[in-house]
Amino acid sequence: MLECVVNVSQGRDQGVIDELASSGGRSLLDVHSDADYDRSVLTLAGPDLLIDVARLARRTLELIDFRGYRGVHPALGALDVVPFVPLGDMTREIALHHRDQFGAWLAEEFGLPVFIYGDEASLPEVRKGAFTTVSPTYGNRWPEPIMGATCVGARDLLVALNVNLDCSFERARYVARTLRSTNLRTLALLAGDRVQVSMNLIDPLVVTPLMAVAKVAAMEPVRSVELVGLLPEVVVLGHEPAYEALGIEPTATIENRLRRQIAHPGPK
């Protein structure tokens with residue numbers, strides 16, 4: 001089975017967010033929106049994934065005008081990031097195949113410049129060099145005026161966390177720089193009244209969410225923790241009280257949502 005974690009540049013208009021969530025069909029497992037980021041992260045998985053992701057992509061490009069984007073999170077387009085993630089016995093090669101097919105389809109169907117990431121380049125490398133040192137893999141050489149560009153990738157499971165701190169923004173930048181590593185991508189952001197370190201745990205079995213938060217807490221007081229998307233169940237089992245203490249629901253896992261999907265299938 002494949003998972004797809006679609007990042008779109010809309011986190012404020014609830015009507016649009018609800019419409020996008022509806023377009024995800026029965027593959028939709030979770031929606032996380034942030035008004036200051038002006039971003040929503042929609043997690044999808046299941047037997048109808050490829051059909052539902054294509055429908056979600058189409059509605060995103062119909063409904064979101066990237067010219068109005070004012071979020072604090074870096075973004076290249078309305079349909080900003082579309083990573084395919086192998087689950088269970090699914091191979092990375094199959095994820096790469098669907099990544100390439102989907103990226104080529106986006107470019108042809110919508111005239112979008114599409115940047116491919118994964119084994120060739122990381123998402124931060126693509127973001128940093130887009131349209132300067134890194135050219136689109138598919139489609140036009142320059143951003144589409146209304147839709148911008150899209151990054152389509154294949155990657156392993158990761159966990160995204162926002163850790164809100166009780167310190168200055170400059171201090172948060174220092175924390176992010178200090179903790180950044182191969183397994184922990186970090187970025188300090190000022191999101192409304194929140195000073196935070198946004199983290200991607202590249203291998204959550206090596207640096208678990210609890211370990212990542214503890215690393216931050218050892219440097220600065222933690223006000224709160226936000227989970228973006230879902231957790232793999234393996235990092236939660238046996239540690240449920242610790243996640244609850246951080247304000248993270250232990251049932252917010254991919255496996256739990258898939259079990260719920262199987263037990264209560266929605267309409268196509």
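By class, 22 nonpolar, 11 polar and 10 charged residues make up the lining of the largest pocket. In that count, Ala, Val, Leu, Ile, Met, Phe, Trp, Tyr, Cys and Pro are nonpolar, Asp, Glu, Lys and Arg are charged, and the others, Gly among them, are polar. A word on the ground rules: this is a predicted model, where local features need pLDDT of at least 70 and side-chain atom pairs count only at pLDDT 80 or more, while totals for chains, interfaces and linings use all residues. Residues are numbered from 1 along each chain as its sequence is written, and side-chain values use heavy atoms, with hydrogens and water left out.

The largest pocket has a volume of about 1000 Å³. A pocket here is an open set of points on a 1 Å grid over the protein atoms alone, where a 1.4 Å probe fits, with protein on both sides within 12 Å along at least five of seven lines; lining residues have an atom within 4 Å of a point. The volume is the space filled by probe spheres set on the points, which are joined across faces, edges and corners.

Now select H73, L123, L158, R185 and N200: of the 43 lining residues of the largest pocket, these are the closest to its centre. Then colour β1, β2, β3, β4, α4 (123-129), β7 (159-165), β8 (184-191) and β9 (194-201), each of which supplies at least two residues of that lining. Helices (H or I, at least four residues) and strands (E, at least two) are DSSP runs, numbered from the N terminus.

**Stop two: the sheet**

Show the open sheet of 6 strands, ordered β2-β3-β1-β4-β6-β5 with mixed pairing; two strands pair if DSSP finds at least two bridges between them. β2 (28-34) and β5 (114-117) are at the edges with a single partner strand each, so one side of each has no neighbour in the sheet.

Zoom in on β1, residues 2-8. Of its 7 residues, 7 are buried, so β1 is largely enclosed by the rest of the structure; buried means under 20% relative accessible area with a 1.4 Å probe, protein chains only. L2, C4, V6 and V8 point one way from β1, and E3, V5 and N7 the other.

What flanks β1? On one hand there is β3, joined to β1 by 6 antiparallel bridges, with C4 opposite L44. On the other, β4 (residues 79-86) runs antiparallel to β1 over 5 bridges; there, E3 stands opposite V85 and N7 has V81 as its bridge partner.

Select α8 (residues 254-263), which lies across β1, β2 and β3 (39-45) and runs at about 125 degrees to β2. That angle is between N-to-C directions, on a scale from 0 to 180 degrees, using axes fitted to C-alpha atoms, for helices over the stretch in contact; contact means heavy atoms within 4.5 Å. I254, N256, R257, L258 and Q261 are the buried residues of α8.

The second largest pocket has a volume of about 160 Å³. Of its 10 lining residues, pick G25, R26, L28, L29 and Q261, the closest to its centre. The largest share of this lining, 3 residues, comes from α8.

**Last stop: a hairpin**

Finish at β8 and β9, which pair antiparallel over 8 bridges, L187 having S198 as its partner. They form a hairpin with 2 residues between them, and G192 in the turn has a positive phi of about 65 degrees.

Definitions and conventions:
Buried means under 20% relative accessible area, exposed over 50%, partly exposed in between (1.4 Å probe, protein chains only).
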